[in-house]
Amino acid sequence: MKALRRERGLSQAEFAARIGSTQRHVSFLETGRAGPSPFMIQRIERELALPVARSQVLYQAAGFSSPYKCRAEDSPDVVEALDLIETRLLKHWPFPAYVLDKRWTILRTNLPGKLFLTGFSEQQNQPPNLFRIFLSAAFRERILNWTEAAPIFAARLYKEAAEDPELNELLEEARDAGLLDGLDETFRENVPVFVPVEVLGPDGSRLRVTSLLGQLVSVQDAVIEGMTIELMVPMDAGTEACLLGAGQAANGADAPHDPEALARSIELRGAT
C-alpha cells in the first residue's frame, strides 16, 4: 500500500483523506501495526483505480483471498472472451484489427488483419508477434517514412517493456542489434496531430494508416485486462478505398480462403 501511495505522489494525509481514514491509521497499515478489512481494500482499489492484477496482489498482501480469479490464458472463460471480441468487434471492423496480449502476441485477428500482415509475419507454429514484426527488416523496408514513424514505434516499445520483463528482453535484443539506433539524431519540429505510418504497396501505392488502441471497460480479469485491441485506421480516402477493396475482394464468393492466396488475388501481398 505504501508503494501504491508513493506511485500516486500522495502523502499519508492525502491518501487517508481519499480513503476516508486518518493519517495515523494509514501509518499503522503501512507498518503492519494494523490490518485492513476487506472493505478497506475495496476502497483502496477503487480510489487508486487499480488494475485487476494490482488488486490481486493487494488482497494477497493483506492476507485475504482475492475475489478475482487467476485464470490461465487458455482457460475456457478467457477463450470465450476472446471469441466474443473477435465475433462482436473484429469481424465488423472493415479494416485490419487485432487482439494482442501484453507481450504483443497476436491472439485474434480479422481477415483484413491477416492480409495486412501478409509478407511480414513468418509462417510458423506460434502466432505472430507484432513487436518482432515492427522490428523486422521486411517491415522497415516497406515503411516510406521510417524516420518519422520509428519514434512512435519506439515509444510504444519502451512503455510496454518497462512493465514486462519478457518484453524488455525483446527490447534489449533490438538494442543490441542496433535497430533502435539514431532515433534522436533528427530533431522534430512542429510535430503534427497524427504521425501516420506510410506503407508502400506492391503496385507503388502509398498507404497511410494509424492505430486505435482500446480495451473493454467492464473487464474484471487480469489476463483479459492485459490485452489490447488494436484497430487500424486509414488516414486518407485512397488508403480507405484500398483497404475496403481488399476486404470486399477477400469476402467475395469466388475468393480463395487461404490468406496468402487472397493477398495475391488483390495484389496486396506484403503491402502492409
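The legends below describe close-up views of a predicted model. Residues are numbered from 1 along each chain as its sequence is written, and side-chain values use heavy atoms, with hydrogens and water left out. Because the model is predicted, local features need pLDDT of at least 70 and side-chain atom pairs count only at pLDDT 80 or more, while totals for chains, interfaces and linings use all residues.

**View 1. The contact of helix H2 with helix H3.** Helix H2 (residues 12-19) and helix H3 (residues 23-31) pack at an angle of about 100°, and their axes lie 8 Å apart. That angle makes H2 roughly perpendicular to H3, a term for angles of 65 to 115 degrees. Gln12, Ala13, Phe15, Ala16 and Ile19 of H2 meet Gln23, Val26, Ser27 and Glu30 of H3, where contact means heavy atoms within 4.5 Å. These residues divide into 5 nonpolar, 3 polar and 1 charged (Ala, Val, Leu, Ile, Met, Phe, Trp, Tyr, Cys and Pro count as nonpolar, Asp, Glu, Lys and Arg as charged, and the others, Gly among them, as polar).

**View 2. Two loop residues with a positive phi.** Most residues other than glycine have a negative phi. Alanine 49, in the loop between helix H4 (38-47) and helix H5 (52-61), has a positive phi of about 50°, and tryptophan 104, in the loop between strand E1 (97-100) and strand E2 (106-109), has a positive phi of about 70°. Alanine 49 is exposed, with a relative accessible area of 60%, whereas tryptophan 104 is buried at 3% (buried means under 20% relative accessible area, exposed over 50%, with a 1.4 Å probe and protein chains only).

**View 3. The largest pocket.** This pocket holds about 990 Å³ of space, and a pocket here is an open set of points on a 1 Å grid with protein on both sides within 12 Å along at least five of seven lines. Of its 27 lining residues, which have an atom within 4 Å of a point, Lys102, Glu160, Glu163, Glu225 and Gly226 are the closest to its centre. Helix H10 (146-161) gives the most to the lining, with 4 residues. By class, the lining has 11 nonpolar, 4 polar and 12 charged residues.

**View 4. The second largest cavity.** About 60 Å³ of space lies in this cavity, a set of points where a 1.4 Å probe fits but cannot get out. Its lining includes Ile85, Val99, Gln215 and Leu216, and by class has 7 nonpolar, 2 polar and no charged residues.

Technical notes
Grid points are joined across faces, edges and corners, and a volume is the space filled by probe spheres set on the points. Axes are lines fitted to C-alpha atoms, for helices over the stretch in contact, and angles run from 0 to 180 degrees between N-to-C directions. Angles under 35 degrees count as roughly parallel, over 145 as roughly antiparallel, 65 to 115 as roughly perpendicular and the rest as oblique.
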